[in-house]
Amino acid sequence: MSPAAGSESNVGDAESASPSETARGLLELTRPGNAAAAGVLTFTGAFVADGLAAPVAIVAAVAATAFATAAGNAVNDYFDREIDRINRPDRPIPRGAVSERGALVFSVALFAGAVLSTLVLPVTAIAIAVVNLVALLAYTELFKGLPGVGNAVVAYLTGSTFLFGAAAVGGTFETTVLVLFGLSAMATFTREVAKDVEDVAGDREEGLRTLPIVVGERRSLTLGVAVLVLAVAASVVPYAVGGFGAAYLALVLPADVVMLWGALRAFSDPSAGQTRLKQGMFLATAAFVAGRITASGAIPW
Ligand SMILES: CC(C)=CCC/C(C)=C/CC/C(C)=C/CC/C(C)=C/COC[C@H](O)COP(=O)(O)O
Ligand SMILES: CC(C)=CCC/C(C)=C/CC/C(C)=C/CC/C(C)=C/COP(=O)(O)OP(=O)(O)O
Ligand SMILES: [Mg+2]
């Protein structure tokens with residue numbers, strides 16, 4: 001048997017995966033970069049609302065967010081196991097690194113981690129967590145296939161990390177926290193639309209009614225650009241209202257350019273465009289953290 005034929009016979013067969021392939025696959029299911037970034041957003045929400053006065057609540061809220069994001073991602077790959085044979089054959093389930101049952105059990109454990117970390121938090125934070133965990137569970141089967149609805153749910157979930165962080169430390173939803181919620185939700189909406197354009201082939205085969213399938217790719221991407229332009233215009237607000245220091249502007253303006261570039265690039269290459277958008281969003285996250293640190297006077301600027 002040739003090596004090519006041998007490797008082909010292993011595709012999709014989790015029984016033959018080695019323990020290290022399975023461990024790597026489980027880690028990949030969580031999308032660790034996204035889980036860590038979501039934790040940073042929650043930290044920023046808490047920090048903006050109340051500084052570092054409640055360290056236990058901050059650690060619990062960051063852990064809950066990272067667990068919830070990891071759980072949401074893992075259960076999405078479980079529900080998407082058939083469609084991903086077309087859209088993302090390199091994901092852990094279709095490539096055979098993790099079994100379907102293994103992914104489900106792992107998701108349940110991650111959801112349990114999120115629930116346990118939330119229990120020590122105030123009631124407003126618990127309420128946000130309950131809504132978010134239900135939305136994460138329902139996303140793939142209920143919301144993803146409705147035009148624009150799945151995109152709006154992921155946008156809300158990402159933005160809600162700031163509200164969750166603020167609520168965890170007993171803070172109020174002051175202007176800066178609400179603006180961060182809006183900015184990250186709008187940028188996420190734009191990227192999710194570009195990701196739907198990237199996935200049109202598999203989604204159509206599965207009978208989903210995502211925005212580009214229903215209204216067309218160009219119209220969806222134009223809506224995405226319009227939403228992002230609003231977010232970019234609003235990105236000066238945290239500085240203008242005095243919430244953030246000068247480092248914020250120094251980082252957020254290049255982030256705005258990278259995100260706009262990504263949204264426009266998605267018209268010719270949705271995959272490259274959504275990747276560029278994500279890089280801009282990570283840079284904007286750094287701007288939020290640096291902006292808050294410089295505003296607090298913790299670092300002379
Ligand atoms: C205009 C302006 C300044 C906008 C702010 C943008 C901002 C800071 C957005 C936050 C983005 C971020 C760091 C999110 C954390 C990671 C996360 C939870 C992403 C959502 O994931 C859903 C996505 O469908 C997963 O797919 P993939 O990344 O392709 O694996
Ligand atoms: C604050 C708390 C407690 C929770 C927030 C949790 C967060 C930040 C969730 C962010 C959004 C998220 C991780 C959603 C999970 C489902 C999802 C959209 C996964 C990505 O799926 P892909 O396979 O890339 O895309 P589709 O499946 O949508 O095509
Ligand atoms: Mg998926």
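Residues are numbered from 1 along each chain as written, and chains are lettered from A and ligands numbered from 1 in written order. In this predicted model local features need pLDDT of at least 70 and side-chain atom pairs pLDDT 80 or more, while totals for chains, interfaces and linings use all residues; side-chain values use heavy atoms, without hydrogens and water.

Me: How many residues surround ligand 2?
Reply: A residue is near a molecule if one of its heavy atoms lies within 4 Å of it. The closest to ligand 2 include R31 and K195. The number surrounding ligand 2 is 20.

Me: Which element gives the largest share of the shell around ligand 2?
Reply: Helices are DSSP runs (H or I, at least four residues), numbered from the N terminus. The largest share is 6 residues. The element that gives this share is α4.

Me: How far is an oxygen atom of ligand 2 from an N or O atom in the side chain of Y139?
Reply: A polar contact here is a pair of N or O atoms within 3.5 Å. For the side chain of D80, the distance to an oxygen atom of ligand 2 is 2.8 Å. For the side chain of Y139, the distance is 2.5 Å.

Me: Which residues are the protein donors of the magnesium ion (ligand 3)?
Reply: Donors are N, O and S atoms within 2.8 Å of the metal (3.2 Å for Na, K and Ca), and sites may look incomplete because water is not among the atoms. The protein donors lie 2.1 to 2.2 Å from the ion. These are N76 (OD1) and D80 (OD).

Definitions and conventions. Polar contact = N/O pair within 3.5 Å; in protein donor to acceptor, adjacent residues only side chain to side chain. Helix = DSSP H or I, 4+ residues; strand = E, 2+ residues; numbered from the N terminus.
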